[in-house]
Amino acid sequence: MSALFSPITLRSLTLRNRVTVSPMCQYSAENGEANSWHMVHMNTMALSGAAMFCIEATHVEPEGRITPGCLGLYNDATEDALRPILAAIRKHSKAAVAMQIAHAGRKGSSYKPWEGGKQIPLDDGGWVTYAPSAVPHREGELLPQALDAAGIKRVRDAFVATAQRAARLGIDALEIHGAHGYLIHEFLSPIANHRTDGYGGSLENRMRLALEVFEAVRAVFPAEKPVGFRVSGTDWVEGGWDLEQTIALAKELQKRGVDWIDVSSGGVSPLQKIPIGPGYQVPLAEGVKAATGLTTFSVGLITEPKQAEEIVASGKADLVSLARGMLYDPRWAWHAAAALGGTVDAPPQYWRAPPHGVKGLFGDIVDGNR
């Protein structure tokens with residue numbers, strides 16, 4: 001049996017295979033609300049054959065959005081906008097639906113990528129961002145506001161409220177976004193965190209917000225449903241966050257019942273030097289798994305079925321997450337299953353799709369014609 005197409009169980013959630021769709025920002029919401037684009041995109045990804053689809057970074061407060069087009073789940077309107085989309089997915093797909101919940105921190109108030117991605121000035125619709133310290137992401141940008149004790153509580157409570165809304169929507173799993181230079185990662189990394197209070201300085205203090213948010217979210221999300229955590233395994237900057245600190249964080253999350261660690265990298269500094277190549281982040285996931293035994297996801301330039309199979313079969317990671325690869329080929333998991341002798345779920349309307357020679361791709365199905 002293909003390791004990539006073998007099942008895995010996370011609490012009460014059993015995934016039929018080890019392929020997941022990584023959360024990918026679409027920058028297409030209106031006032032944080034999902035719309036017809038999300039209906040098309042999410043349903044496409046949910047029919048990819050991956051066992052789990054993760055909704056893009058879903059922000060816990062308006063000021064926590066990366067761009068004005070980013071998705072949110074922080075009021076009744078944003079919650080209601082997701083309901084019909086999820087209903088359509090449930091009707092036609094067997095994929096589990098996860099949601100990544102996030103706060104952009106000092107990287108918020110940005111133009112959309114196709115508008116250049118730079119910080120939006122206040123006089124053009126931008127907003128004051130929040131961070132652990134009043135240190136901008138790039139030199140010359142508007143200084144973020146350092147969160148005080150009340151601000152930290154507000155953010156923590158916002159994660160809780162979003163988790164509760166996600167539970168009401170029937171989301172199967174949550175992933176807390178602690179990577180890519182966004183707020184939680186900013187607290188973790190000494191590059192962005194220059195605090196001298198209980199949330200800064202030592203590793204223990206820099207991890208405090210991440211652990212408090214996880215504990216608070218885990219306490220309100222249904223106990224039978226899994227909660228994971230995405231982390232940048234390294235900042236790729238000397239003196240920044242690294243794999244050793246990532247492992248320390250993973251061990252603390254493990255004590256608190258985390259169900260997986262999704263290991264990405266970078267994002268906290270424009271000075272990063274990333275050695276990009278096929279599977280370049282796999283060693284980071286492998287390091288976390290070897291040190292902790294936790295279920296790990298690996299992501300980043302995983303593009304070929306045999307490559308993904310080797311990652312899982314060798315125990316370097318338990319699951320693979322595809323982002324750009326799924327945008328380029330929304331049936332990637334179908335093609336991987338065909339190549340590796342696995343099976344995937346598909347709606348009956350597509351059962352006649354497999355070419356000659358891979359008729360067992362969708363398992364034991366009926367395909368009769370008149």
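Select T58 to start: with a relative accessibility of 0%, T58 counts as buried. Buried means under 20% relative accessible area, exposed over 50%, and partly exposed in between (1.4 Å probe, protein chains only). The model is predicted: local features need pLDDT of at least 70, side-chain atom pairs count only at pLDDT 80 or more, and totals for chains, interfaces and linings use all residues. Residues are numbered from 1 along each chain as its sequence is written, and side-chain values use heavy atoms, with hydrogens and water left out.

**Stop 1: around T58**

Colour strand 4, residues 52-59; T58 sits in this strand. Helices (H or I, at least four residues) and strands (E, at least two) are DSSP runs, numbered from the N terminus. Now show the side chain of T58. One of its polar atoms lies 2.7 Å from the backbone oxygen of E56. Such a polar contact is a pair of N or O atoms within 3.5 Å; within protein, one must be able to donate a hydrogen and the other to accept it, and residues adjacent in sequence count only if both atoms are side-chain atoms.

Which residues touch T58, leaving aside neighbours within four places in sequence? Select L71, G72, L73, M99, Q100, I101 and A102. Contact here means heavy atoms within 4.5 Å.

**Stop 2: R230**

Go to strand 9, residues 227-232, and pick R230. Is R230 buried or exposed? It is buried, because its relative accessible area is 4%. Show S22 next: its side chain and that of R230 make a polar contact at 2.8 Å.

Then bring up the contacts of R230, again leaving aside neighbours within four places in sequence. Among them are P23, Q100, E175, H177, H180, D262 and V299. Q100 is also on the contact list of T58.

**Stop 3: T246**

Move to helix 7, residues 243-255, where T246 is found. T246 has a relative accessible area of 1%, so it is buried. Two partners of its side chain deserve a distance label. The side chain of T246 reaches the backbone oxygen of G233 at 3.1 Å. The side chains of T246 and W241 are joined by a polar contact of 2.8 Å.

Not counting residues up to four places away in sequence, T246 touches V231, S232, G233, W241 and V288.

**Stop 4: helix 1**

Select residues 36-46, helix 1; H38, H41, M42, N43, M45 and A46 are buried there. What covers these buried residues? The cover includes strand 3 (19-21), strand 4, helix 2 (76-92) and helix 10 (324-328). Now look at the N-terminal end of helix 1. N35 caps it, with a side-chain oxygen 3.0 Å from the backbone nitrogen of W37.

**Zoom out**

Show the whole protein as a cartoon: it has eleven helices and twelve strands. Its C-alpha trace spans about 70 × 45 × 40 Å along the principal axes. Of the 370 residues, 58% count as buried. Draw the contacts between residues at least 6 apart in sequence: 69% of them join residues at least 24 apart.
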